[in-house]
Amino acid sequence: MAIKSVIEEWLEWLSLNKGRSDATIIKYRGYLLEFESFLEDCALDDVDLKLLEQFTGKFLFEKGLVSGSRSAAIAAIRNFFAWVTKKGFISRNPAEDLAYPTLGRRLPRAISLQDAEKLLNSIDLDSFQGVRDAAMLAVLIGCGLRVSGLCNLNQSSLIFGADDKGRERLYIRAKEKGSKERIVPAPTETMLLIRAYLGHVDLERIDRTLKNGDQVLFVSVGNKKVPIYEYIGEARRISPRSINDILSKHADAAGVSAEFAHPHAFRHLYGAELMESDATTLSAQALMGHEDPKTTEIYSHLAMRKLTDVVDRSNPLGKIHTPVSDLVKHLNT
């Protein structure tokens, strides 16, 4: 069987059986087709560890791939060869000992609470687009969704219920990274802005109904690439690129750095604030949809207010007289 056919069979299996997202399938296909071209006339059964190291090392490095990107390529190679070995296409797995490049742990950069407040309050709520943008931003800030999760939301993703005091609460069923789902309690602020969006008269004029009877939640407006008669249902779903453009526009108007005008900066803020408020790693992991608790633990490094309070209360310099002690007292009053 041709290598390209085996690759496509594996990708189909990965999508249908493992629920990998379309973005992951596209990325893995690119790496594996690059690998197939690199092999030239070499058969799969003739591939050895040395050849794999040459491809994932020197070859991809010269192609301009940094360590993080090469890690994704190695993941594709390792998983592919594990599958073809199990299927009996080859007699042994040459990728079993293929090592990942050493990566330094990069701490996520969160937008500050002050900038998040400035950005949200700068949005004009007198327009439909402004109400929509405020509702989307409230979901990003208040629920920590990835941009894919925000774009994937449908009307049925909203679960309205009541808390133990009888007050209305909103729970959001988020679908991210393929078919993985989680339910996130939404803050009351998020619920109120979504209510305002759902009740807007301009939304009632938009046909956002899907084939299954559900409705797209957050809609795009003015997409000139789609004929007006086809600009309904799924075609109305807002895209990740549009989200980024919207955030950049509002950040520029609010005087917020473009560095934080992206959905992940709000997700990082959400994770950091969970840790500031002493959420357990297990709770934060569930709320953020992390598979690995180590990913969640990174956010504890961003919980600076809590650590600052500890330092202010406990550091030895605060318990003795120093040349600047009087100035410190003045600054703290």
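Cysteine 151 counts as buried, at 5% relative accessibility. Its sulfur lies 15 Å from the closest cysteine sulfur, that of cysteine 143, which is too far for a bond. The model is predicted, and a search of the whole structure finds zero disulfides. The points below cover the cysteines, the sheet, the nonpolar cores and the confidence of the model.

**Cysteines**

- Cysteine 143 is buried as well, with a relative accessible area of 0%.
- The closest cysteine sulfur to that of cysteine 143 belongs to cysteine 151; because the separation is 15 Å, the two are too far apart for a bond, a disulfide requiring sulfur atoms within 2.5 Å.
- Cysteine 143 is also one of the residues in contact with isoleucine 172.

**Sheet and packing helix**

- Three strands form an open sheet in the order E1-E2-E3, and their pairing is antiparallel.
- Strand E1 (158-162) and strand E3 (180-186) are the edge strands, each pairing on one side only.
- On average, neighbouring strands of this sheet are turned by 25 degrees against each other, direction ignored.
- Strand E2 (residues 168-176) and E3 run antiparallel and are joined by seven bridges.
- Leucine 170 has alanine 186, in E3, as its bridge partner.
- Helix H6 (residues 128-143) packs on the sheet, where it touches E2 and E3. The direction of H6 makes about 95 degrees with that of E3.
- In general, the strands of a sheet pair through backbone hydrogen bonds, in either a parallel or an antiparallel manner.

**Nonpolar cores**

- The largest nonpolar core holds 53 residues, of which Val139, Ile172, Tyr197 and Phe218 touch the most other members.
- Helix H6 gives the most to this core, contributing 10 residues.
- Leaving aside neighbours within four places in sequence, isoleucine 172 is in contact with Val139, Cys143, Leu153, Ser157 and Leu158, and also with Arg182, Ile183, Val184, Ala186 and Ile194.
- Another core, of 32 residues, lies apart from the largest one; among its members are Leu52, Leu65, Ala73 and Phe80.

**Confidence of the model**

- The chain averages a pLDDT of 87, and 92% of the residues score at least 70.
- Among the elements of the chain, helix H9 (residues 201-204) has the highest mean pLDDT, at 96.
- The lowest mean pLDDT among these elements, 68, belongs to helix H14 (residues 304-314).

Notes. Residues are numbered from 1 along each chain as its sequence is written. This is a predicted model: local features need pLDDT of at least 70, side-chain atom pairs count only at pLDDT 80 or more; totals for chains, interfaces and linings use all residues. Side-chain values use heavy atoms; hydrogens and water are left out. Two strands pair if DSSP finds at least two bridges between them. Helices (H or I, at least four residues) and strands (E, at least two) are DSSP runs, numbered from the N terminus. Axes are lines fitted to C-alpha atoms, for helices over the stretch in contact, and angles run from 0 to 180 degrees between N-to-C directions. Contact means heavy atoms within 4.5 Å. pLDDT is the predictor's confidence in each residue, from 0 to 100. A nonpolar core is a set of buried Ala, Val, Leu, Ile, Met, Phe, Trp, Tyr and Cys residues joined through side-chain atoms within 4.5 Å. Buried means under 20% relative accessible area, exposed over 50%, partly exposed in between (1.4 Å probe, protein chains only).
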